[in-house]
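Look over the sequence and the model before reading on.

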Amino acid sequence: MTQYSESLDAVVSGLQSSRTEGLTSTRAEERLREYGPNQLRAKKKKTNLQRFFEQFKDVMILILIAAAVVSFIVACNGHETSEFFEPLLILLIVILNAIMGMVQESKAEKAMEALQSMSAPHARVIRDGKEVVIDAVQVVPGDIILVEAGDNIPADARLIESASLKSEESALTGESVPSEKDASLQIKENAPLGDRANMIYSGCSVAYGRGRAVVTATGMNTEMGHIAGLLEGESDTQTPLQQKLAQLGKYLGFLAIAVCAIIFVIGLIDGIPVMEIFMTAVSLAVSAIPEGLPAIVTIVLSIGVQRMVKQNAIIRRLPAVETLGSASVICSDKTGTLTQNRMTLVKAYDAASGSLTDVSGQDSPEIKRLLEYGSLCCDGSVIEKDGEVQHIGDPTETCIVYAAMKNGSPKEKLAQEYPRLTELPFDSDRKLMTVVCRIDGKNVVITKGAFDSMLPICTSGDMDKAQELVNSMSSDALRVLAIGCKEIDEVPENPTIQELENGLAFMGLVGMIDPPRPEVRDAVAVCRKAGIKPVMITGDHVVTASAIARDLGILEEGDKAITGAQLGEMSEKELTEKVRHISVYARVSPEDKIRIVKAWQDQGEIVAMTGDGVNDAPALKAADIGCAMGITGTDVAKGAADMTLTDDNFTTIVSAVKEGRGIYGNIKHAVAFLLGTNIGEVLTVFLSMLFWKQSPLLSMQLLWINLVTDSLPAIALGMEKVPDDVMEKKPKPKNEGIFAHGLGVRIVLQGVMFAALTLFGFWLGWNETGTIEAGRTMAFMVLASTQVFHAFNMRSNHSLFKTGFFTNKYLNGAAALSLFLIALITFVPPFALVFGLTALPGHLYLIALGLALIPIIVLEIAKAAGMIKHHQ
């Protein structure tokens, strides 16, 4: 049964309640046991221990652990204490990576907690025929609740009585103005939530008036609970970068196993001792796996997060930075995101002079008089405190009061000069409000309300022209109110509608709007230039939404605007086919928002969703990246989102997209740098075993290169400045691999070059000195130094002569520190001993340096010849 479409008697009897007596205490206790407490179900959270152990599911990590175990077994069979250094170092790296992952994931989901905190702590109910105050968690279906202005609504309920009742429902519907409520209405069964005027909802508040209602749903059965269920059901999506790195990890893991197996077989055939083959296999595993890659990517993303904080964007999940940079669609809520979430009076029409003007604060005497009369017929107020303007009451009233205030007529002053003598409060049936004030010694009746309601009670004024203006202003998304007045001789003691609301002189019209943020137009234009499709999704009416979307450049020629009802008639397949041509969705539900997001995702697009209300939370979580508003946003929206904009500025999203694109480019450079070095290490060890049956590098030396020498330049690459033209390019396709545009081939070729240089150094050192230790020392110096210098190649696909050799100060420092660390373990005897290095003849050091500089020369020639193209 839909509680809003049934008759009130059927609803109350169906709940076995009484309009006047409510439930008995006994029946209420039974229902509390039956339905449970009136609260939202909390999602069970993982413990830190569970998160810690989940980090060990990665293939790369498992192979490293296996390598550490093998190395530990070998060390136990040896006699040197130093042999334990290697397995301990590997395990330390694995544990540090796991701790880092655990800390990152321990930012627990706050959305459900925030939803729970929105519940009203207490409720006024009728139990056993008496009014009592109980904890909101004890409210049950069938309870009769009493609400008035300022109250939070404890549960979903069907109105029994209402007096000028308005409910603030923007958290559920996205509408910027309170919804008018009327207990006498019976609504159509398929009416959207925003049109169910005979219902009030849990998690919302009463903005005006009072009411009595019978509770129809509590806890998870409420509309708020339904959203909580959707939110609970939406799992966090993996970002494209996470998916690609996970896939890369598997490939590298299988590569390590395959190479180890080949070397193991070759070693057995050649009669090499089993323990020695094990140690070589460990070296290969270490060289094949970029141990620092997960940490490097996390650090680079963290650097991006710090940059974005300075631009008013707070990132909740690190990989969201990269996803935002890949975004090709931004689905934005209207109220509070594209608009200011504050009704503003922008137009006024004075019937006597026939002038329609923009309200400026320095208006003509005629417009000023119209605003003063309108302000006198308002209950809302505006106060200025500590330089801030606070609107108290109905936004449609407070914007009139504020417009009069800006014209030098504050409400308090008007109330003193022209005291209110009597009134007829606003009524949703009449859609009118009337006051009688003493103005210049006369009793003046002032009425304001909807033009359609004013039309039959005004007896003077050009109403045809007024009707044309109303139509025109409405098509521009303005909410229009009419104002009329008349003089009376005596003020009735008990005024009636018949006495006051007739024979009025039409004074004029006022038009108000929740205005677009002025900076959003430029932000939308930048989005379109960057190949990003902006889409408006709102709970507001389609005419209002379309006008604002057209003004902002979201709704262009050929684009469509549809309602939630029209959307509901579409199948998933039909929506997916038509989604590219729809730019505005109006009067939509939380489920509709998820459908829209998923339709775009089915088209292969990466979707960013912005919003601030509870109704946005499920879609924020379902999107590839959710962006919540920090000032107007609810805690629920912030908890469900990946990112929060602290200034509620749509332009910040554009800045964040630019930063995200730059960071993704930097991550690609860092990953390519690390993988190129790893391929070089694998080929070096593998080919050396084939040629000489000796490993040119020990596993400890490889670990040092991977984790110390390589990691510092890789981090510095992540701090490269974002290119200026990054927003002039289209978003990368969702299925585009991280190695697109020939990057994978370049990485392999660079790895081959590193291996050739290192093997030459190993052969030269071994040949000239006759000791394997000298050959390994030479190989270590060449490989480690080559990779440090190669980092400068990886800054950009442009030539170093264009980007500047030393314009990245972080890379300059990282390179200097890496070279110092190479020198430290090469030339300081205690360190050299631990790492199996030895002193070399002086000329070999110069040859090693010369070999290390070769990649810079080779890559500069390749860039100049156009073999490497710029695809930032």
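## Helix α14

Helix α14 covers residues 395-406, 12 residues in total, and reaches 16 Å from its first C-alpha to its last. That is close to the 16 Å expected at 1.5 Å a residue, the expected span being 1.5 Å times one less than the number of residues. Helices here are DSSP runs (H or I, at least four residues), numbered from the N terminus.

Nine of the 12 residues in α14 are buried (under 20% relative accessible area, with exposed over 50% and partly exposed in between, for a 1.4 Å probe and protein chains only). Among them are P395, E397, C399 and V401. After α14 comes G408, with a positive phi near 85°.

## Basis of the model

The model is predicted: local features need pLDDT of at least 70, side-chain atom pairs count only at pLDDT 80 or more, and totals for chains, interfaces and linings use all residues. Residues are numbered from 1 along each chain as its sequence is written, and side-chain values use heavy atoms, leaving out hydrogens and water.

## Helices α26 and α29

Helix α26 (residues 650-692) packs on helix α29 (residues 743-769) at an angle of about 45°, their axes being 7 Å apart. Axes are lines fitted to C-alpha atoms, for helices over the stretch in contact, and angles run from 0 to 180 degrees between N-to-C directions. In contact (heavy atoms within 4.5 Å) are residues including L675, G680 and L683 of α26 and V748, F754 and W763 of α29.

## Residue V682

V682 belongs to helix α26. With 9% relative accessibility, V682 counts as buried. L255 is 427 residues from V682 in sequence, yet their C-alpha atoms are 9.6 Å apart in space.

Conventions. Helices (H or I, at least four residues) and strands (E, at least two) are DSSP runs, numbered from the N terminus.
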